[in-house]
There are 2 protein chains.
Amino acid sequence: MDTKKPIEKCEFLCVHEDVVQEVLRKMPEEETLFQLADFFKVFGDSTRIRILYALRETELCVCDIASLLGLTQTAVSHQLRVLKTSKLVKARRNGKTVFYSLDDDHIHRILDMGICHLEE
Amino acid sequence: MDTKKPIEKCEFLCVHEDVVQEVLRKMPEEETLFQLADFFKVFGDSTRIRILYALRETELCVCDIASLLGLTQTAVSHQLRVLKTSKLVKARRNGKTVFYSLDDDHIHRILDMGICHLEE
DNA sequence: TGAATATATGAATAACTATTCATATGATAT
DNA sequence: ATATCATATGAATAGTTATTCATATATTCA
């Protein structure tokens, strides 16, 4: 079928089979790693990180966040939805205003560690 | 100039000015937060996370990683370059083979924390 | 030197995602 | 009820990025 194969592909000729098997055995589940990547992905956007670190200080309404960070209300709302879906923030309604805050202390600690990391 | 403005935009009428100022004062530098987002971004890709957790067990050559994770050699090489640029992995050449490993113990600890997080 | 092998890389493609625009919803006050 | 304000959301757009393809580089061995 495959009539033209100009260069013979290096199809893992060099694999250290025993090492590979050992690593496969010890590594976390595939599923776990995909979840972990998704978790980090949420932090991997400057808009969301800035929102999170603003909320680290105090709860804020959508307009406050937009003003604070120089963003449109719409952009902030969209990102807050992402953060809420990921259980990183929670919302509290007070009349027309919706106040957002970090979902729990666990998130606080993660953000504290983030700061810590950059200081190393 | 702006002849047609059907709906008057909500331009931060609700801002709690004092709170916003206080938060701005306390928050980390903009620059710092952008760096932090970039840092998380590297972890926020399943291919890279899987490579990192494979390397958490032992050093591996490019072919081993590709075989282990069911990826092409090219895809792995490209991502290893990203990880190397971000100082997360380092390379050691032995003949034709290049072995990659986590750059330092700090990265090890971060990966350990990742696992920890998912167990909560 | 030339063949073979392991890895790297530039360019093109494909997939994803953040932002914007227009508009809807939800709440208050008159 | 209606007008106004704060927020939410669907669709389109624009920007980004992971993967693939083709090929280059680096090293070893005959």
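Ala, Val, Leu, Ile, Met, Phe, Trp, Tyr, Cys and Pro count as nonpolar here, Asp, Glu, Lys and Arg as charged, and the others, Gly among them, as polar. With that sorted, here are the close-ups; keep in mind that the model is predicted.

**View 1. The protein surface near DNA strand D.** In this predicted model, 28 residues surround DNA strand D. Q73(A), T74(A), Y100(A), T47(B) and T74(B) are the closest. Sorted by class, the surface has eleven polar, ten nonpolar and seven charged residues.

View 2. Chain A brings in α4 (62-69), α5 (73-85) and β3 (97-102), while chain B brings in α3 (46-55) and α5 (73-85); each supplies at least two residues. The largest share goes to α5(A), with five residues.

**View 3. Polar atoms at the phosphates of DNA strand D.** Zoom in on Y100(A): one of its polar side-chain atoms sits 2.5 Å from a phosphate oxygen. Over on chain B, T47(B) also points a polar side-chain atom to a phosphate oxygen, at 2.8 Å. V98(A) uses a polar backbone atom instead, 3.4 Å from a phosphate oxygen.

**View 4. Helix α6 of chain A against helix α6 of chain B.** The two helices, residues 105-119 in each chain, pack at about 170° with axes 13 Å apart. Angles over 145 degrees count as roughly antiparallel, so that is how α6(A) and α6(B) run relative to each other. H106(A), I110(A), M113(A) and H117(A) meet H106(B), I110(B), M113(B) and H117(B) in this contact.

Notes
Residues numbered from 1 in each chain as written. Chains lettered and ligands numbered in written order. Predicted model: local features only at pLDDT ≥ 70, side-chain atom pairs only at ≥ 80, totals over all residues. Heavy atoms only, no water. Near = heavy atom within 4 Å. Polar contact = N/O pair within 3.5 Å; in protein donor to acceptor, adjacent residues only side chain to side chain. Helix = DSSP H or I, 4+ residues; strand = E, 2+ residues; numbered from the N terminus. Axes fitted to C-alpha atoms, helices over the stretch in contact; angles between N-to-C directions. Parallel < 35°, antiparallel > 145°, perpendicular 65-115°, else oblique. Contact = heavy atoms within 4.5 Å.
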